[in-house]
Amino acid sequence: LKPSRLKRITPLVPQALPELGGCMARSTMSHSVQVQSNTWARDSHDLFDFEAHHLHTQTFTVPKSTVFVRSGTEVQTLGERDPLPHGGDPLLRLVQRDGHFWVDRAAPMNSSKKLWLVVRDLSANGHRLMEGDIMKLGRFKFRVRQLVSQQCGGQQPELKFDETAATYSTEETQQAELSQTLCRICLLEGPGEDDPLITPCKCKGSIEFVHLGCLRHWVRGRLNLSDSPGGSYFYRPLSCELCKAVYPTYISNGKERSPLVEVPWTQPPFIVLENMVRDSQQHATRGLHVISLAEKVLKLGRGHESDVRIADVSISRTHATIRFQRGHFLLEDNNSKFGTLVAMKKPRLLEPGTTISIQMGRTVLNLAAQADPAPGGQAQPLQQLPLGSNAQDERALRLSLLTRGSSRESNGDGGGGGGLPGILPPDMPPDEDRHHEAV
């Protein structure tokens, strides 16, 4: 990087940082990171067997910014501008900034590869879940759609799979014109009292209209909602058997909105988990698990006693648990064979004295930052991004890490080379364009 370019980009970062983590605080600096890599010999669905006895193990001492790459079962370290070896798979990158180390992705920003935090190697309190977190149990994934810790304003689960839920609106003026229109289920004419005729799908002709009450009765029979304590249930979107269009989630009469499906009242605290479908053939399994944690601990696993039962060979009988404690939802692993993981959404600070484990496919890296025994002068480090930070915060933090790591390279800490994908490639746009991208 040109020094002139660094001067233009660097001032942008401190302006964004107070919004990310508040004021910067002094903390213990790290002079290196002790890394142990464990690679499973089998390459199966990006799984790692935590019960395997024969693993390929290597240890490293990392004193500066480094990229970890796997070739076969061998893991090696590269400088940030070293070319990627043929057939090499980038795992993660350690970035040293102001005496501290950060963990970030090594793959390009548009890559679907994620870094997965191993829950079993965290502290005894497990992992604190946030809305939007992606959990991985074996090869099965869940997204945390909603977390409600207390009864405030009668809040109930949002039965949606995207940011907006489909809503069908009924109009009184239209209902007056349907006095002789047949319902395709009960075959009675016209709308009833508080029971309008609606067109919930794309069917046309004599089967276009249906009473809201008739459709709700049909849907309730298809979903087979249980009357469990606390109002826990599994909801899945239903589609018309004729035109295959998905029915709307909510019905609105212009004054209030109500769910199409009459679901049980769920007692807080509760959690809503979405099944993340791996392929189109599993579309039938897509749905929302609404679980109340008012009087129990949520169990996820393959066994019959599990609250969320997953019929998959990679899932243990009692794989993981979620409990509500002191206002937080805590995810804990139950010593499962293929582990419980949480996707890292942003760069993570390595704090001296603590150890974390990151899984990338069949390789797990155990990272432990070593405290500097005699720091000459403590710089002000970037703070960890707060919980619930957005994509713009993550971009600003990644930009600051790239700026710092690249400035070290230009000062002689690393050599030139082709560069790894996603790490300041040599065919970067002109300085002015990069400056506008940073803004």
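Biologist: In what order do the five strands of the open sheet lie?

Modeller: This is a predicted model: local features need pLDDT of at least 70, side-chain atom pairs count only at pLDDT 80 or more, and totals for chains, interfaces and linings use all residues. Residues are numbered from 1 along each chain as its sequence is written, and side-chain values use heavy atoms, leaving out hydrogens and water. Helices (H or I, at least four residues) and strands (E, at least two) are DSSP runs numbered from the N terminus, and two strands pair if DSSP finds at least two bridges between them. Here the pairing is mixed, and the order is β8-β22-β21-β19-β20.

Biologist: Which are the edge strands?

Modeller: Look for strands that pair on one side only. These are β8 (127-128) and β20 (308-309).

Biologist: Which residue in β20 is the bridge partner of G301?

Modeller: Strand β19 covers residues 298-301 and pairs with β20 in the parallel sense over two bridges. The partner of G301 is R309.

Biologist: How far is the sulfur of C186 from the closest cysteine sulfur?

Modeller: A disulfide needs two cysteine sulfur atoms within 2.5 Å, and the whole structure has zero disulfides. For C186, the closest sulfur belongs to C183 and is too far for a bond, at 3.7 Å.
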